[in-house]
Amino acid sequence: MATPSGNPHQLATAPVVVGVDGSPGSDLALRWAAELAAQRGRTLLIAHGLDLAAMKSVVGGYDATVSSIIETARARAAKIVADARRLATEVAPNLDITSDTADGSAAELLIQHSRTAYLVAVGATGNLGSLAHLGSTLLAVVSHGHGSIVVVRSTGAEQLIRTDGPVVVGIDGGPVSEAAIAAAFAEASARGAELIAMHSWSYWHLGDFAGEPYVLVDGEQIESTEDAILTERLAGWQEKYPDVTVTRKVYRTEATEQLAEWSNEAQLIVVGSRGRGGFTGMLLGSTSHFLVQHAHCPVLVAHQG
């Protein structure tokens, strides 16, 4: 198994970080993160943000009220973290666990930790902090975090977290795919899973590259070109991870549609933080945005730094 050199996220001391708030979605992310940390011999860092500034803005300048609310918030935070420790210990009794409770927002705390984390896990429901809004918190961490950010989503079935099935990575024609490809191969290798490398293109976007709103193209010729792009993007990675079986898939449909469909059987979907080429418009707010909110398995958003 390959280990990137000079990468702070791959240091032996880099922890698995999980944001908690006591909600069902948070608990699911905690279970997922605890199991992964135990399997990979890493420390689990449990993070909770109080967002005291938001609390103070709500109650205004009443010192007595502010003091009482902050005291209550700190007590609640201590209970949330203690409960999270107990749950993580149930999942992995010998797991090394640390915690960090901060006065700032959950998003700020998790983004800060993402700079040196092995990965950061967040739940798809809940607040990850006392007053933080789900959408703004989750999307802020996914958009502005560093390294691998995993949104832990349930399968919606009895097996809430799927432990079989392939790892699926969405690949475009640009260099920003490198982080996603690297993360996908590493995850497939660590899980002993097949890797589905998926590239998607659409007639709808071809004019964007030709400089014309409409172009006449030979579908088979374009598909052959797109397959070559996918092959080029994967060049060298199979040699780095000879234990990973790779299946290439090229689709003439939107990336969102195909990745969402794969999430019904994958154990992990991997995408980049932005993209071009076959994934034109794959900025957070389109494909990645949709997947972190609607996929039927965890979604890893890979950043280059």
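1. Arg-191 and Glu-187 sit four residues apart in helix α6, about one turn of the helix. In this predicted model, their side chains meet in a salt bridge, with an N to O distance of 2.8 Å. Arg-191 is partly exposed, at 23% relative accessibility.

2. Glu-187 also forms a salt bridge with Arg-40, and the N to O distance is 2.8 Å. Helix α6 covers residues 177-191 and holds Glu-187, whereas Arg-40 belongs to the loop between α1 (24-39) and β2 (44-49), so this pair ties together parts that are 147 residues apart in sequence. Glu-187 counts as buried because its relative accessibility is 5% and the cut-off for buried is under 20%.

3. Arg-233 lies in helix α8 (residues 219-234) and Glu-178 in helix α6, so the pair ties together parts that are 55 residues apart in sequence.

4. Are Arg-233 and Glu-178 buried or partly exposed? Arg-233 is buried, with a relative accessible area of 13%. Glu-178 counts as partly exposed, at 29% relative accessibility.

5. For the overall count, the structure holds six salt bridges.

Note on methods: Residues numbered from 1 in each chain as written. Predicted model: local features only at pLDDT ≥ 70, side-chain atom pairs only at ≥ 80, totals over all residues. Heavy atoms only, no water. Salt bridge = Lys/Arg side-chain N within 4 Å of Asp/Glu carboxyl O. Helix = DSSP H or I, 4+ residues; strand = E, 2+ residues; numbered from the N terminus. Buried < 20%, exposed > 50% of the residue type's maximum accessible area, 1.4 Å probe, protein only.
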